[in-house]
Amino acid sequence: MPRSRTRERDRRRSPSAARHADTIRLALMETAPAGLKKPRLMVVTDLSRSQIVRGLAAYRELAGEKRWPPLMWSFERGYYFCEDADELEAWERQWADVKYTQISRVVSGVLDGHARLFPKSRWVAYVVAQVNAIQSSLDMIARPQL
């Protein structure tokens, strides 16, 4: 099934989203290490709620490219830059655990049924093997055997 043009267009980052990301970065640098919650971030940056959402998404994409500090969110502090390795590692483990659970549900809910219906399908065998490899990697990240 081909992708629609709307979805493909949604996947591209707009130049305005990149500008919003930079505006958010500058606002958070001024308040570091305290951070800002979304309503306050909207006031400080003079961006709308949707511009903040698109800017935060663009920030996550641009952070690696431009060597910006990792952006975290907590209920107490809102959005803030994180420089603590232990806090980043805890977040990454939690993220891996969530993705592990999601992939486990896809395997048990979709791929296992597909494999039972079409046991000789090369496609489903390939997908199951690849997804199982990803699932194993996420499990090792979320629950390392130190």
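How many bridges join strand S1 to strand S2, and do the strands run parallel or antiparallel? I began my notes with this pair, keeping in mind that the model is predicted. I found that S1, residues 71–74, and S2, residues 78–81, run antiparallel and are joined by four bridges.

Next I turned to two helices. I looked up H3, residues 38–45, and H4, residues 49–66, and noted that their axes come within 10 Å and cross at roughly 100°. An angle from 65 to 115 degrees counts as roughly perpendicular, and H3 and H4 are therefore roughly perpendicular to each other. On the H3 side I listed Lys-38, Leu-41, Met-42 and Thr-45 as making the contact, and on the H4 side Arg-49, Ile-52 and Val-53. Sorting the residues of this contact by kind, I wrote down four nonpolar, one polar and two charged.

My last entry concerns Thr-45, which is found in helix H3. Is Thr-45 buried or exposed? I noted a relative accessible area of 10% for Thr-45, and since buried means under 20%, Thr-45 is buried. I also looked up the polar side-chain atom of Thr-45 and recorded that the backbone oxygen of Leu-41 lies 2.6 Å from it. Leaving out residues up to four places away in sequence, I listed Thr-23, Ile-24, Ala-27 and Ile-52 as the residues that Thr-45 touches.

Note on methods:
Residues are numbered from 1 along each chain as its sequence is written. This is a predicted model: local features need pLDDT of at least 70, side-chain atom pairs count only at pLDDT 80 or more; totals for chains, interfaces and linings use all residues. Side-chain values use heavy atoms; hydrogens and water are left out. Two strands pair if DSSP finds at least two bridges between them. Axes are lines fitted to C-alpha atoms, for helices over the stretch in contact, and angles run from 0 to 180 degrees between N-to-C directions. Angles under 35 degrees count as roughly parallel, over 145 as roughly antiparallel, 65 to 115 as roughly perpendicular and the rest as oblique. Contact means heavy atoms within 4.5 Å. Ala, Val, Leu, Ile, Met, Phe, Trp, Tyr, Cys and Pro count as nonpolar, Asp, Glu, Lys and Arg as charged, and the others, Gly among them, as polar. Buried means under 20% relative accessible area, exposed over 50%, partly exposed in between (1.4 Å probe, protein chains only). A polar contact is a pair of N or O atoms within 3.5 Å; within protein, one must be able to donate a hydrogen and the other to accept it, and residues adjacent in sequence count only if both atoms are side-chain atoms.
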